[in-house]
Amino acid sequence: MTDVVKIYLKKDISSINTFLKTNTNSFSPLVKEITQHILLSGGKRVRPLLTLLCARIQGKTKDSIPLACSLEMIHAASLLHDDILDDSNMRRKNPTAHTIFGNNATILAGDALLARASRIAAEYNNAYIVKLFASAVEDTASGAIDEMYHTGDAELTEKEYYEIIIGKTAKLFEFSCRMGACCENAPIEIEDALGNFGLNIGIAFQLVDDSLDYASSSEDTGKPIGGDLREGKMTLPLILYLQTREKSERKAIKKAFTEKNLSAQMQEEIIYNITHADFTQTTRNTAKQYIEKATQNLNSIADCKEKEILLQIAQYVIARIN
Ligand code: GRG
């Protein structure tokens with residue numbers, strides 16, 4: 001990103017951080033501690049920035065910071081819940097909330113955060129925004145359940161994989177853009193163009209995430225390498241690798257996933273093969289194709305500073321290393 005863009009976004013990130021801190025201060029002590037643990041621990045703020053930019057493309061009549069923050073709150077609640085489901089100990093180089101506060105309190109704090117987020121969205125007095133907000137939560141949760149259902153499914157197809165990542169990740173990106181547009185009453189064609197842009201960068205974002213899980217050091221990601229494999233998560237690098245193996249080997253891996261006894265040696269071998277056969281790079285290249293689609297989605301939007309920054313965010317999504 002250029003320095004001009006960084007300076008533009010720095011101001012917004014600072015406003016987002018201030019709102020999140022101030023707003024969560026009013027929770028009861030334990031909910032406040034848990035929600036601030038996740039919200040104030042250095043997230044990239046991609047989703048709320050998309051909301052702000054998509055609102056400003058259309059106009060500047062409303063304060064879109066609270067709405068943008070409601071999307072970051074959905075994201076944060078999903079992370080609180082996700083780390084419990086995955087039994088993850090580290091996020092953003094910090095211990096996860098449930099390892100400090102326990103599962104029960106963390107689940108309920110996530111629920112409180114979701115409820116707070118929906119209240120903030122409702123305060124715009126726009127039923128369509130509330131409908132989009134509800135769809136974002138529903139799609140994210142449904143995608144996560146689909147993913148859970150297919151844990152260890154060594155026969156998962158690429159089509160099924162895309163359905164999962166669209167639900168668990170890309171839809172929230174889509175709705176972050178749509179809700180920004182709606183905040184300024186954008187015509188449906190503009191909302192759709194921005195929504196499709198969000199959907200495509202969301203798919204690319206998850207593809208890069210899935211590639212980084214195999215290819216990036218935990219120094220960069222703050223998470224241990226190969227975590228998805230250990231959890232039996234079927235992501236594109238693993239699906240591409242399995243496509244090159246005999247059915248008997250796929251069956252053996254599926255059995256090991258089901259019995260939760262994928263040996264350390266097997267894990268190392270799979271990770272080695274995936275990185276050395278460049279399935280991580282193929283996954284990144286696929287992400288690039290989605291970024292190209294996203295770029296085209298903005299063709300119908302008139303040139304302006306916000307559009308330029310959205311295009312730079314799209315490039316950042318495929319360049320990122322954490
Ligand atoms: C509470 C809405 C809700 C859902 C619960 C567990 C669950 C259902 C959903 C999990 C969805 C999930 C965690 C998808 C992964 C999305 C993803 C790529 C997260 C990482 O996003 P970044 O890199 O994180 O933007 P930072 O740390 O920058 O905020």
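Guide: Start with one rule: a residue is near a molecule if one of its heavy atoms lies within 4 Å of it. There are 21 residues around the ligand, and Lys44, Arg47, His75, Arg92 and Gln206 come nearest. This is a predicted model, where local features need pLDDT of at least 70, side-chain atom pairs count only at pLDDT 80 or more, and totals for chains, interfaces and linings use all residues. Residues are numbered from 1 along each chain as its sequence is written, and side-chain values use heavy atoms, with hydrogens and water left out.

Visitor: How much of the ligand does the protein bury?

Guide: The ligand taken alone exposes 750 Å², and the protein buries 92% of that. Accessible areas come from the Shrake-Rupley method with a 1.4 Å probe; for residues, only the protein chains shown count as cover.

Visitor: Which elements give two or more residues to the shell around the ligand?

Guide: They are helix H4 (65-85), helix H7 (127-149), helix H8 (158-183) and helix H9 (188-215). H4 gives the most, with seven residues. Helices (H or I, at least four residues) and strands (E, at least two) are DSSP runs, numbered from the N terminus. The protein chain has 16 helices and two strands.

Visitor: Why is Glu72 called buried?

Guide: Buried means under 20% relative accessible area, exposed over 50%, partly exposed in between (1.4 Å probe, protein chains only). Glu72 has 2% relative accessibility, so Glu72 counts as buried. Glu72 sits in helix H4. Its side chain makes a polar contact with the side chain of Arg45, at 2.9 Å.

Visitor: Why is Leu108 called exposed?

Guide: Leu108 has a relative accessible area of 56%, so the label is exposed. Its place is helix H6 (residues 103-122).

Visitor: What makes Asp278 partly exposed?

Guide: Its relative accessible area is 43%, so Asp278 falls in between. Asp278 lies in the loop between H14 and helix H15 (279-297). Phi of Asp278 is near 65°, a positive value in a residue other than glycine. Most residues other than glycine have a negative phi.

Visitor: Is Lys260 buried or exposed?

Guide: At 76% relative accessibility, Lys260 counts as exposed. Lys260 is in the loop between helix H13 (247-258) and helix H14 (264-276). Phi is near 50° for Lys260, a positive value too.

Visitor: How do you know that the protein chain agrees with a compact globule?

Guide: The radius of gyration is taken over C-alpha atoms; the globule rule is 2.2 Å times the number of residues to the power 0.38. With 322 residues, that gives a value near 20 Å, and the protein chain has 20 Å, so the two agree. Of the 322 residues, 53% count as buried.

Conventions. A polar contact is a pair of N or O atoms within 3.5 Å; within protein, one must be able to donate a hydrogen and the other to accept it, and residues adjacent in sequence count only if both atoms are side-chain atoms.
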